[in-house]
Amino acid sequence: MKKNIAVAISLGALTLALSLVLHVGGLGVLPPRALRNLAQTVVLNTYNPWNETLTSYSLNAVTAVIWDYRGIDTIFETAVLFAAVTGVAALFQGAVEKVELRRRGMPFMLKTSTKIALLLIALVSISLAFHGHLTPGGGFQAGSVFAVITALGITVFSIEALYSAGLRIKNLMRVRLMALALILSIALLPLTTLLAINGIAYIAQNQVKEDSSFAMPAAFFNTPLAGSVFFFNVIEFIAVAAALSYILVFFAMRREELEHVLRGCRK
Amino acid sequence: MSDLLSLAFTTAVTAFIVNIAIASYGVFIRPSLLKKAISIIIFSDSINILAIAIGFRITEAQYPSLPVLSEKPKTPGDIKAFAEVSVDPLPQAFVITAIVIGLATTTVLLGLIILYYKHFGTTDIRASLDEDYEEAI
């Protein structure tokens, strides 16, 4: 115990001494006063009805960068997450879901209070996804919050309660694949519509460009919708929630279910 | 005032770098795979916070604001006023990408560790170096 405190204090002293030396030597860093040029362009155009060819009609500049200005990047990123899901599925190949082994649920009081908490978590995650372009938030964050429901469900209600609620591996994989297909189809949507009238369009295009008149809906009645950003956020929410739940169900499996995996042979 | 601010910011940046050093100690030295995984997570999170700190800025107003417009701008002047106080949104967007990819690799790593634990009965990396582990289980 005393050793830990000594290590902490000496590390703190090292940090302070290093920064003091850097500061006195004139090497100290200070955040800049002005925005960098690229950031200036993004911030000025994220919601700018007076510059229609560059704007994305998204009040949240970060979401605009993620799904509009660097949309292709994010589509590949969600593909990386899908690759991780495939990797986990390959690791746990041969696992079978078994019911009626043992239900280790927690006491009744805890279950009831958890149900209320789960409802609140679901509401928070949905609002994060649906308002991702208006307030801080977005599809990935919302999906991670939603996966907390699966994690809490496994600890409090036992994994077999999740199976009977329909959170089976096969269903989760189906949802995940469907969401990935939807993301790709929204990214390719501009191409298909403009093939019909023989114009120009770009993959993952959101609003009108100089030589292309294709535009996703910018507003829903009076609320800004930010075109494809809203749809991408909602679908990514479903995709991430399904992917993380899928992985969590595998991680929580019992020894009897992993028999074939541990023996190193297929079922 | 600017002098004190520079010292404080330098201390924060140095602290992140020292954190990265401690995390790499954990990755290389600790024998437990779980502790290695935790160290990798701390490692990448320290780098992420460092990247977000790069996007920070000093403004004329007391505090810089989030890169989120609080309401629909009515005139071009509103957008200019927003650009005066907003922090850089790009590092935040890159960091969320980095977090997702870090999460993807971490899940595969944790899956491996869980199978390792179920196979050897321990998360100690030295168990796999043992020649006669086959008889041990």
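In helix H3 of chain A, the residues A:Ala61, A:Val62, A:Thr63, A:Ala64, A:Val65, A:Ile66, A:Trp67, A:Asp68 and A:Tyr69 are buried. This is a predicted model. Chain A has 267 residues, and chain B has 137 residues.

**Chain A overall**

- Chain A contains 10 helices and two strands.
- In sequence order, its elements follow the pattern α-α-α-α-α-α-α-α-β-β-α-α.
- The radius of gyration of chain A is 24 Å, whereas a compact globule of 267 residues would have one near 18 Å.
- Buried residues make up 36% of the 267 residues of chain A.
- Of the contacts in chain A with a separation of 6 or more, 68% are between residues 24 or more positions apart.

**Chain B overall**

- Chain B has five helices and zero strands.
- Starting at the N terminus, its elements run α-α-α-α-α.
- The C-alpha trace of chain B spans about 75 × 35 × 15 Å along its principal axes.
- Of the 137 residues in chain B, 23% count as buried.
- When contacts in chain B between residues at least 6 apart in sequence are taken, 59% of them join residues at least 24 apart.

**Helix H3 of chain A**

- Helix H3 of chain A covers residues 61–69, and nine of its nine residues are buried, so the helix is largely enclosed by the rest of the structure.
- Within chain A, the buried residues of H3 pack against helix H2 (37–45), helix H4 (71–91) and H9.
- These buried residues also pack against helix H4 (89–120) of chain B.

**Helices H6 and H9 of chain A**

- Helix H6 of chain A (residues 139–157) and helix H9 of chain A (residues 228–251) have axes that come within 7 Å and cross at roughly 30 degrees.
- Angles under 35 degrees count as roughly parallel, so H6(A) is roughly parallel to H9(A).
- The crossing of these two helices, H6(A) and H9(A), is right-handed.
- On the H6(A) side, the residues in contact include A:Gly139, A:Phe140, A:Phe146 and A:Ile154.
- On the H9(A) side, the residues in contact include A:Phe232, A:Glu236, A:Phe237 and A:Leu248.
- Sorted by class, the contact of H6(A) with H9(A) has 14 nonpolar, six polar and one charged residues.

**Contact between chain A and chain B**

- The contact takes 54 residues from chain A and 44 residues from chain B.
- On the side of chain B that touches chain A, the elements giving two or more residues are helix H1 (2–29), helix H3 (76–85) and H4 of chain B.
- H4(B) gives the largest share of that side, with 19 residues.
- By class, the side of chain B that touches chain A has 29 nonpolar, 11 polar and four charged residues.

**B:Val18**

- B:Val18 lies in helix H1 of chain B.
- B:Val18 has 17 other C-beta atoms within 10 Å, so it is partly exposed.
- Leaving out residues up to four places away in sequence, B:Val18 touches A:Leu11, A:Leu14 and A:Thr15.
- B:Val18 and B:Ser46 are 28 residues apart in sequence, and their C-alpha atoms are 9.4 Å apart in space.

**Two residues with positive phi**

- A:Ala204 is not a glycine, yet it has a positive phi of about 60 degrees.
- A:Ala204 sits in the loop between helix H8 (169–197) and strand E1 (219–220) of chain A.
- A:Ala204 is buried, because 22 other C-beta atoms lie within 10 Å.
- A:Phe221 is not a glycine either, and it has a positive phi of about 55 degrees.
- A:Phe221 is in the loop between E1 and strand E2 (223–224) of chain A.
- A:Phe221 is exposed, because 5 other C-beta atoms lie within 10 Å.

Definitions and conventions: Residues are numbered from 1 along each chain as its sequence is written. Chains are lettered from A and ligands numbered from 1 in the order in which they are written. This is a predicted model: local features need pLDDT of at least 70, side-chain atom pairs count only at pLDDT 80 or more; totals for chains, interfaces and linings use all residues. Axes are lines fitted to C-alpha atoms, for helices over the stretch in contact, and angles run from 0 to 180 degrees between N-to-C directions. Helices (H or I, at least four residues) and strands (E, at least two) are DSSP runs, numbered from the N terminus. Angles under 35 degrees count as roughly parallel, over 145 as roughly antiparallel, 65 to 115 as roughly perpendicular and the rest as oblique. A crossing is left-handed if the near helix is turned anticlockwise from the far one by less than a right angle, and right-handed if clockwise. Two residues are in contact if their C-beta atoms, placed from the backbone, lie within 7 Å. Ala, Val, Leu, Ile, Met, Phe, Trp, Tyr, Cys and Pro count as nonpolar, Asp, Glu, Lys and Arg as charged, and the others, Gly among them, as polar. A residue is buried if 20 or more other C-beta atoms lie within 10 Å of its own, exposed if 12 or fewer, and partly exposed in between; C-beta atoms are placed from the backbone. The radius of gyration is taken over C-alpha atoms; the globule rule is 2.2 Å times the number of residues to the power 0.38.
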